[in-house]
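Here is my note on the model you sent. It takes the charged pairs first, then the pocket.

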Amino acid sequence: NFPVMLFNDFDPAVKANFVYCNVALGMEMAVNYLIESRRRKIAFLKGPTLIRFGKDDTLLTVPSIDARDKFNGFKKAMKEAALPILPEWVRECDAYTQSEGYCQTERLLAEKNRPDAILCSNDGLALGALDALHDGKVACPKEIAVMGFDGIETGAFSTPPLTTIEQLLEQMGLEGAQKLV
């Protein structure tokens, strides 16, 4: 009878109180925004399929609901728009970090066929993508657009400022606390 509130990673099989952002819908919105901006060759920096806890003998891996749902939203919107999802443009990242976004974007830039947009599973990956484009002397958003997902404050101060889908984390926290009370 202990009250529990879970945030994000909604799983209908878990019988608990949840407050979450519909990340699949958020990714659909992001793809549609890029399409409205005349982008048709959209790459996707996907979060890790498995989340790792601990190390060595205590290592536990669990599927990432967040990564799965975001990728499903991306695929749905691309399919509805009849746009191809090229395997070489879908990059699974080891972590949701700026350095991983940089590394994966460098790999995208090495491809003969480059995307005209990179949709990132979070803003950390997107900031890394922006850095890689800058270092590779690729004009953003003129040549390749970048879009993130989170709405972190530092994204507003990047060059160019990061376009992102904002998760209302403060509102989620408030609603979660109210439900617990």
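1. Start with the pair formed by lysine 76 and glutamate 28. The two form a salt bridge, with their closest N and O atoms 3.7 Å apart. This is a predicted model, so please read the distance as a computed value.

2. How exposed or buried are the two partners? Lysine 76 is partly exposed, at a relative accessible area of 42%. Glutamate 28 has a relative accessible area of 15%. That value is under 20%, so glutamate 28 counts as buried.

3. Helix H2 also holds a pair of its own. Lysine 70 and aspartate 66 join their side chains in a salt bridge, at 3.2 Å from N to O. Why can these two residues face each other along the helix? They are four residues apart in helix H2, which means a separation of about one helical turn. Both lysine 70 and aspartate 66 are buried.

4. Next, glutamate 111 and arginine 91. Their side chains meet in a salt bridge of 2.9 Å, N to O. Glutamate 111 sits in the loop between helix H3 (98-110) and strand S7 (117-120), while arginine 91 is in strand S6 (residues 90-92). The pair therefore ties together parts that lie 20 residues apart in sequence.

5. Glutamate 111 is partly exposed, with 27% relative accessible area. Arginine 91 comes out at 16% relative accessibility, so it counts as buried.

6. How many salt bridges does a search of the whole structure find? The count is five. The pairs discussed above are among them. As background, side chains of opposite charge can pair when their charged atoms come close.

7. Now the largest pocket. Its volume is about 170 Å³. Helix H1 (23-36), strand S9 (163-166) and helix H5 (169-180) are the elements that each give two or more residues to its lining.

8. Which residues lie nearest the centre of the largest pocket? They are Tyr20, Cys21, Asn22, Leu168 and Met172. By class, nine of the lining residues are nonpolar, four are polar and two are charged.

Terms used:
Residues are numbered from 1 along each chain as its sequence is written. This is a predicted model: local features need pLDDT of at least 70, side-chain atom pairs count only at pLDDT 80 or more; totals for chains, interfaces and linings use all residues. Side-chain values use heavy atoms; hydrogens and water are left out. On a 1 Å grid over the protein atoms alone, a cavity is a set of points where a 1.4 Å probe fits but cannot get out, and a pocket is an open set with protein on both sides within 12 Å along at least five of seven lines; lining residues have an atom within 4 Å of a point. Grid points are joined across faces, edges and corners, and a volume is the space filled by probe spheres set on the points. Ala, Val, Leu, Ile, Met, Phe, Trp, Tyr, Cys and Pro count as nonpolar, Asp, Glu, Lys and Arg as charged, and the others, Gly among them, as polar. A salt bridge is a side-chain nitrogen of Lys or Arg within 4 Å of a carboxyl oxygen of Asp or Glu. Buried means under 20% relative accessible area, exposed over 50%, partly exposed in between (1.4 Å probe, protein chains only).
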